[in-house]
Amino acid sequence: MTLTVTFELKDSDLEYFREIMQKAQANAENLSEATILDNARKLSFEVKGTVPSFIQTRLHKLEALVEMVEDADWQLPAQDRTDILAALAYFSNTEDLVPDHIPVLGFLDDAIMIELVAESLTDDIEAFQDFCTYRESEQSRNIDKDVTKQDWLADKRHELYARIKKRRARRHQSSSRSFRIF
């Protein structure tokens, strides 16, 4: 038997999560990039397989954010890197809304925050996934010897960064109510 639970977050609820994120970011200001990434990675890998599937699904999104920062070929622009690290700072916070040791519900607040962050960065995540797919498919092809791997990756990166910029602008114009933490 499965049970489906849905809930809606009002603007005041989203504001509450924004405030929590801002506090976590302030607390993480003294943390290094490596520590922030390690803490996010640790959350994901330590609980994988021991949490409900709705949380595991969100943990995959968290892993994608960590991979975006760590992927040398993706070469995140400085501001995007800063934004993603600021979002990941929440997962360095040892004091959760719902303590993690509570069975089933302990990671609910983390899942909600991951979902809010992922929604805020959906264009970036999709572009990164497209980049990874492209890189993998192109590596197996016999590529023109005059074009280096760095060249074709740079072209694809440029195309995807332009797409992100366009989508952000369109999203910003069409929805003033989206959850943006930056």
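I am working from a predicted model.

**Entry 1: H2 and H4**

I looked up the geometry next. H2 and H4 pack at an angle of about 50°. Their axes are 9 Å apart. That angle makes H2 oblique to H4. Then I listed the residues that meet. From H2 I noted Glu33, Ile36, Leu37 and Ala40. Their partners in H4 are Arg81, Leu85 and Leu88.

**Entry 2: H2 and H3**

I turned to the other partner of H2. The axes of H2 and H3 come within 10 Å. They cross at roughly 150°. The cut-off for roughly antiparallel is over 145 degrees, so H2 and H3 are roughly antiparallel to each other. The crossing of H2 past H3 is left-handed. On the H2 side I found Glu33, Leu37, Ala40, Arg41, Leu43, Ser44, Phe45 and Val47. On the H3 side they meet Leu59, Leu62, Glu63, Val66, Val69 and Glu70.

**Entry 3: H3 itself**

I checked the length of H3. Helix H3 covers residues 53-70, which is 18 residues. It reaches 26 Å from first C-alpha to last, close to the 26 Å expected. Which residues of H3 are buried? I wrote down Ile55, Leu59, Leu62, Glu63, Ala64, Leu65, Val66, Met68 and Val69. What do they pack against? I found four helices: H2 (33-47), H4 (78-88), H5 (108-120) and H6 (122-139).

**Entry 4: Val69**

Val69 sits in helix H3. Val69 counts as buried because its relative accessible area is 4%, and the cut-off is under 20%. Leaving out residues up to four places away in sequence, Val69 touches Glu33, Leu37, Leu76, Arg81, Ile84 and Leu85. I also took one C-alpha separation. Val69 and Thr82 are 13 residues apart along the chain, and their C-alpha atoms are separated by 9.3 Å.

**Entry 5: the core**

I went on to the largest nonpolar core. It has 44 residues. Trp74, Leu88 and Phe91 have the most contacts inside it. Helices H1 (11-27), H2, H3, H4, H5, H6 and H7 (149-174) each supply at least two residues of this core. The largest share, eight residues, comes from H3. In soluble globular proteins, nonpolar side chains tend to be buried together.

I then followed Phe91. Setting aside neighbours within four places in sequence, Phe91 is in contact with Asn39, Ala40, Leu43, Leu62, Asp110, Met113 and Ile114.

**Entry 6: Arg135**

Arg135 lies in helix H6. Is Arg135 buried or exposed? Arg135 counts as buried, because its relative accessibility is 13%. What is Arg135 in contact with, neighbours within four places in sequence aside? I noted Asp71, Asp73, Trp152 and Leu153.

**Entry 7: Gln75**

My last stop was a backbone angle. Most residues other than glycine have a negative phi. Phi of Gln75 is positive, near 50°. Gln75 lies in the loop between H3 and H4. Gln75 is partly exposed, with a relative accessible area of 46%.

Key. Residues numbered from 1 in each chain as written. Predicted model: local features only at pLDDT ≥ 70, side-chain atom pairs only at ≥ 80, totals over all residues. Heavy atoms only, no water. Expected span 1.5 Å × (residues − 1). Buried < 20%, exposed > 50% of the residue type's maximum accessible area, 1.4 Å probe, protein only. Contact = heavy atoms within 4.5 Å. Core = buried A, V, L, I, M, F, W, Y, C linked by side-chain atoms within 4.5 Å. Axes fitted to C-alpha atoms, helices over the stretch in contact; angles between N-to-C directions. Parallel < 35°, antiparallel > 145°, perpendicular 65-115°, else oblique. Left-handed = near helix turned anticlockwise from the far one by under 90°.
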